[in-house]
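Here are my notes on the model, point by point. Please read them beside the structure.

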Amino acid sequence: MPPRRQQFSQADIDAQLQQIHLLDPSSPTENLESLAPLIKTIHDNHQVEAFLRTASGLVESKEKEIETICGNNYPDFVSSVSTLLTVRSYTENLRERIQTLDSSVSAVGSSFASKKKSLLQNKKTATNLDETIDTLQACLRVLDLVNRVGDMIKEGRYWSALKSLEDIESLPQSSLSQSPFFIYLLSSLPSLRAQVKDAVTASTKSWLLEIRNTSNQVGKLALEAMRTRTRRWKAKREKEPLLKLNHVGSAVELVTNEKVEYNVLDNDQLKVDFKPLYQCIHIYTALDAVEELQRSYQADRKTGHKAQASLILSDRMSSASSSLGLATTLLPLTEDIIGFFIIENHVLRTTRSFRSQREVEELWDVVVTRLVQVVQAILKNEGDVDTFLGCKDVILSFIQTLEGYSYETEQLRSLIMILFESYADLLERTISAELKKGVMEDDLFPMYVESAEDLEKVVGSCWLRKGQPEELLKSPVPVTLPWSQVFYLSCSCIRQFVDKFYSFVEGVSHHHRDIDELLSKALDHLLTKHVVDNMAARLATARNISQIAQLLSNIEHFQVACTVLEEQLMKLRATQRGGSIRLQSSSSFTALRSKSVSHLTAVVNDKLNDSMDMGEYDWTPKESDGTPSVYLFDMVNYLTTVVDTLAVRSEVKEDIYKGALSHIANILLNLLVGPDVPVISEAGIQNLLTDIDFLEDEFKRLGKEHLTTVFSELRETSAVVLKDDVPGFATPVHRRTNYSHVNPRRLSCLLDKLARHGGSSRIRADQERGEKRRLEAQTVARLPL
């Protein structure tokens with residue numbers, strides 16, 4: 001059902017007109033604004049005609065009211081009309097005057113309006129010009145900023161350029177902000193940032209190339225600083241004995257070295273500027289691209305150093321294919337590596353997490369492994385000990401330098417120990433050849449020294465008993481020394497071996513006990529295999545008594561030298577944290593000395609055999625002549641002359657005399673009881689005792705009476721026969737008391753010889769005595785030994 005239309009009464013319209021003050025005589029104004037909503041409401045309700053009809057009715061009623069009012073006041077109204085007409089005439093007159101004035105004013109106003117319009121237009125133009133000028137100036141300022149960004153990039157002021165770009169982006173809002181020019185300019189900022197990024201990257205790459213070229217100088221300065229530090233500490237240790245146990249790198253040395261500040265990257269000779277790298281990191285961080293820089297830098301340093309390592313370990317090492325090349329190349333090689341990793345360490349410490357610790361360590365391991373392989377390969381067949389020593393010094397300085405920058409050097413220290421083993425083996429082979437040559441070519445004559453300088457040199461090179469050097473140095477020159485050339489040569493070789501041995505281990509702070517053991521074995525091998533064994537070979541073929549005596553004197557001096565050498569090595573070891581050294585070769589020299597004394601005695605005895613002419617000795621005289629044999633005079637004279645002229649100690653001479661007398665006693669005893677003399681008479685035994693008496697008297701005269709005890713068996717055996725005391729000898733107690741040195745079997749042989757002599761006689765008494773001796777021989781033969 002359609003909505004019902006609203007009906008307007010005359011009262012409603014009157015009220016509405018009252019609201020808009022159209023019918024309110026008290027209101028000075030007409031509220032025409034309220035008329036619009038009323039009309040809109042009527043229009044919306046489609047009641048325009050109804051409203052107009054009602055309004056017309058209202059108008060008619062109002063007109064009637066006016067007529068009624070006017071009818072009641074007609075005279076006043078006429079009077080008012082007359083007045084009004086008068087006023088009207090005045091008004092028209094005034095209107096004409098006003099129109100005239102208006103025309104005049106209009107003419108003036110038209111001209112003024114025209115001028116004002118022109119003025120307003122000019123002001124608008126001026127305003128537009130000002131705005132244009134301001135806009136252009138703003139554009140110029142922005143363009144100047146952009147232009148200055150390019151200049152900053154050229155000048156290397158990358159951070160300022162980046163900040164300028166940020167300033168452009170952060171300009172306050174203005175009419176320029178929405179202009180196509182500014183929008184285009186903003187769109188070009190990323191390319192400008194890319195230019196800054198490319199420029200700072202190029203600067204960093206140029207810096208990296210410069211750093212690669214500077215690495216060698218950095219390493220050289222670091223090695224020089226380490227060598228200076230080593231010399232300074234060595235001098236300090238020499239002044240303060242308590243510091244001898246501390247080496248470069250020890251806690252005490254580190255504390256001392258803290259007082260001496262030296263920066264290999266910033267000094268009078270070299271200044272490494274890390275500003276390009278720091279600036280690049282700063283720029284990339286601002287651009288939020290630091291990870292990209294890290295990858296680029298790490299790749300560049302890794303590949304760059306691999307290229308550098310290739311140059312070092314390939315190009316450089318191609319010239320080091322021999323030990324001579326290595327000796328000249330290893331030092332600059334280590335300088336390059338040291339310089340590279342010192343720079344890496346500085347970057348690692350000063351850029352926080354920019355550089356990867358793992359990357360640097362991996363690169364370090366690769367370079368060290370390759371270095372170790374190359375050095376080992378080149379030195380594998382090296383035959384010069386000085387080359388090993390030079391390489392060790394370089395590598396040790398390399399280790400000590402980079403240990404100060406917290407790099408792991410265990411692999412390099414292992415390399416030093418490997419080189420040391422090869423070095424010790426080569427050194428031993430070199431010295432052993434010299435020792436063997438010296439021993440085998442020695443003339444075995446006492447060493448003759450003509451000048452005091454030579455004497456001092458020889459005595460200073462040899463290890464001698466306490467006090468002997470002073471005694472020899474006091475001797476007038478020329479002087480004949482108690483040893484031959486081989487002892488001086490051997491001492492010089494061993495001293496050279498020890499000096500070079502310790503020259504290698506100087507500064508090496510690990511494996512001291514292994515080094516001690518290696519040195520001990522090496523010295524024992526040198527002395528035993530190449531001195532003792534070769535001297536033993538010379539001794540076995542030596543027949544000249546003076547040469548054998550000289551050989552013996554050399555051996556005795558070697559014994560002393562071993563003892564003194566042990567003491568000196570123990571003192572040297574006191575500067576290392578290792579144990580003492582004991583040379584087993586001392587016992588080898590002791591055994592060789594005993595062998596040489598025996599050999600000398602044997603040769604002397606052989607000479608005595610030649611002088612003992614026993615072929616014409618009469619063993620069956622009827623009576624003893626009471627005089628010693630003639631050969632004994634020559635033999636004793638020869639023995640004393642030879643022994644007394646030998647350059648050996650009195651103990652050795654004593655041994656020779658004792659050996660000679662023992663040899664003579666054995667010969668005489670063998671003749672007395674052996675098969676060479678089948679028959680002997682009691683007078684022959686008396687003559688033999690006369691010879692023994694002569695020998696004993698001679699040695700008593702020489703003050704060697706104690707050596708004559710070697711004739712005890714001869715005397716006691718002869719006494720049993722001459723005293724006719726066989727029955728007493730058969731008594732155990734009597735035999736132990738008076739004939740303790742007599743052998744029953746030998747006595748039985750002597751009795752058999754006497755029995756044969758009696759049996760061969762034609763005199764009955766002799767035959768009976770012979771038969772008695774035969775029975776006694778049988779009795780003695782049955783006695784226990």
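1. Leu 426 is buried, at a relative accessible area of 4%. Buried here means under 20% relative accessible area, exposed over 50%, and partly exposed in between, with a 1.4 Å probe and protein chains only. Leu 426 sits in helix α13, residues 410-440. Helices are DSSP runs of H or I with at least four residues, strands are runs of E with at least two, and both are numbered from the N terminus.

2. A word on the basis. This is a predicted model, in which local features need pLDDT of at least 70 and side-chain atom pairs count only at pLDDT 80 or more, while totals for chains, interfaces and linings use all residues. Residues are numbered from 1 along each chain as its sequence is written, and side-chain values use heavy atoms, with hydrogens and water left out.

3. What covers Leu 426? Leaving aside neighbours within four places in sequence, Leu 426 is in contact with Glu 382, Gly 383, Asp 384, Val 385 and Phe 388. Contact means heavy atoms within 4.5 Å. Gly 383 lies 43 residues from Leu 426 along the chain, yet their C-alpha atoms are separated by 6.7 Å.

4. Gln 468 is also worth a look. Gln 468 belongs to helix α15, residues 468-473. With 7% relative accessibility, Gln 468 counts as buried. Beyond its neighbours within four places in sequence, Gln 468 touches Pro 482, Trp 483 and His 557.

5. Next, a helix pair. Helix α14 (residues 452-461) packs on helix α16 (residues 485-505) at an angle of about 60°, with the axes 8 Å apart. Lys 457, Val 458, Gly 460 and Ser 461 of α14 meet Tyr 488, Cys 491, Ser 492 and Arg 495 of α16. By class, this contact has three nonpolar, three polar and two charged residues.

6. Helix α22 covers residues 682-701. At 1.5 Å a residue, its 20 residues should span 28 Å, and the end C-alpha atoms are 29 Å apart, which agrees. The expected span is 1.5 Å times one less than the number of residues. Of the 20 residues in α22, 14 are buried. Just after α22, Gly 703 takes a positive phi of about 80°.

7. Finally, the whole chain. The protein chain has 27 helices and two strands. Of its 785 residues, 44% count as buried. Among contacts between residues at least 6 apart in sequence, 76% join residues at least 24 apart.

How values were computed
Axes fitted to C-alpha atoms, helices over the stretch in contact; angles between N-to-C directions. Nonpolar A, V, L, I, M, F, W, Y, C, P; charged D, E, K, R; others polar.
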